[in-house]
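Subject: Handover of a structure

Dear colleague,

Please find below the structure that I am passing on to you. My notes on what was found in it follow.

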Number of protein chains: 2
Amino acid sequence: MSNCLKIGEVARMVTCRIETIRYYEQQGLLPTPGRSEGNYRLYGREHVERLRFIRHCRSLDMTLDNVKLLLKFRDAPEENCGPVDALLDEHIGHVADRIVQLKLLEAQLRDLRGQCLSAKASKDCRILQALSPGKER
Amino acid sequence: MSNCLKIGEVARMVTCRIETIRYYEQQGLLPTPGRSEGNYRLYGREHVERLRFIRHCRSLDMTLDNVKLLLKFRDAPEENCGPVDALLDEHIGHVADRIVQLKLLEAQLRDLRGQCLSAKASKDCRILQALSPGKER
DNA sequence: CTTGACCCTATAGTAGCTTCATGGTGTTGG
DNA sequence: CCAACACCATGAAGCTACTATAGGGTCAAG
């Protein structure tokens, strides 16, 4: 076996924090590694690959639950991958929705910002006024 | 005094949950209201206005810390409102950044999705393959 | 006098980690 | 030989902005 990597080395290889690795183990995304005499976790190549898979998914903003599901399919090569496609479609939908929302938000914020273009007394600040419904007029 | 509204009525007026109102009080965004004989919180018009202000800010995705700051300026009419403008500029920056990020993300996800257009065995799924760096080729 | 709608407090849970407190392991230098 | 230092271990708390839950009190109507 090539289970010889300490957690710090693995963390450096996949550029994530040691605590995050332990957290993934605790959450059941990473199998419990072997231990050294001194009770240090010892990882092998398959752990590193699995971690990279997880981090890649996370960099795509997937939830850990979704990553768990993807790992299940990764672990079952004969299973039909339809749900993987569906998961991705749904995730794309979420991201697209969020973009629309944020664009609307940005427009609102810029509009608000346009109301007070120079510093003045708060009582005259149009931004604060605009944020206070019922105090309009 | 017009301190006569119970928390449920206020919640209905500003369309937020009762628990949220208590939470804001606990977090120091809403002054502690008076109490009835039966120990019920009693709110007046100024509480409702403040709550609407808070909810408006939150609908613009501001953090509670930022809302706290804005409330400070709302409470100090003679203060110069420059920091308000700055806060808003920064917030707009965050939102704009996030939009850029999410657009990149969406493109990546669509690209990934394009790799597996029909359900098949997981071991042949290009999506799972693409998510597994080191297992390429 | 009981039912039901409403209110109270305190505590725990959510997501995905990060930080902290406290202590063991292992290697190197004086 | 031992101290210093880097590294590792565990368990618990902290972060945001709430939401939910447990276990109880208040109040008006029937």
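Six salt bridges are found across the interface of chain A and chain B, a salt bridge being a side-chain nitrogen of Lys or Arg within 4 Å of a carboxyl oxygen of Asp or Glu. In one of them, the side chain of A:D89 meets that of B:R113 at 2.7 Å, N to O.

This is a predicted model, in which local features need pLDDT of at least 70 and side-chain atom pairs count only at pLDDT 80 or more, while totals for chains, interfaces and linings use all residues. Residues are numbered from 1 along each chain as its sequence is written, chains are lettered from A in the order in which they are written, and side-chain values use heavy atoms, with hydrogens and water left out.

Chain A and chain B each give 54 residues to the contact (heavy atoms within 4.5 Å). Of the interface residues of chain A, 100% are also interface residues in chain B, so the copies meet through the same surface. About 4700 Å² is buried between the two chains, 68% of it from carbon and sulfur atoms; this is the accessible area (1.4 Å probe) that two parts lose on being put together, summed over both.

As to symmetry, a rotation of 180° with 0.0 Å of shift along its axis superposes chain A on chain B, with an RMSD of 0.2 Å (least squares on the C-alpha atoms of residues with pLDDT of at least 70 in both). The two copies are therefore related as by a two-fold rotation axis. In chain A, the C-alpha nearest the axis belongs to A:I99, 3.0 Å from it.

Yours sincerely
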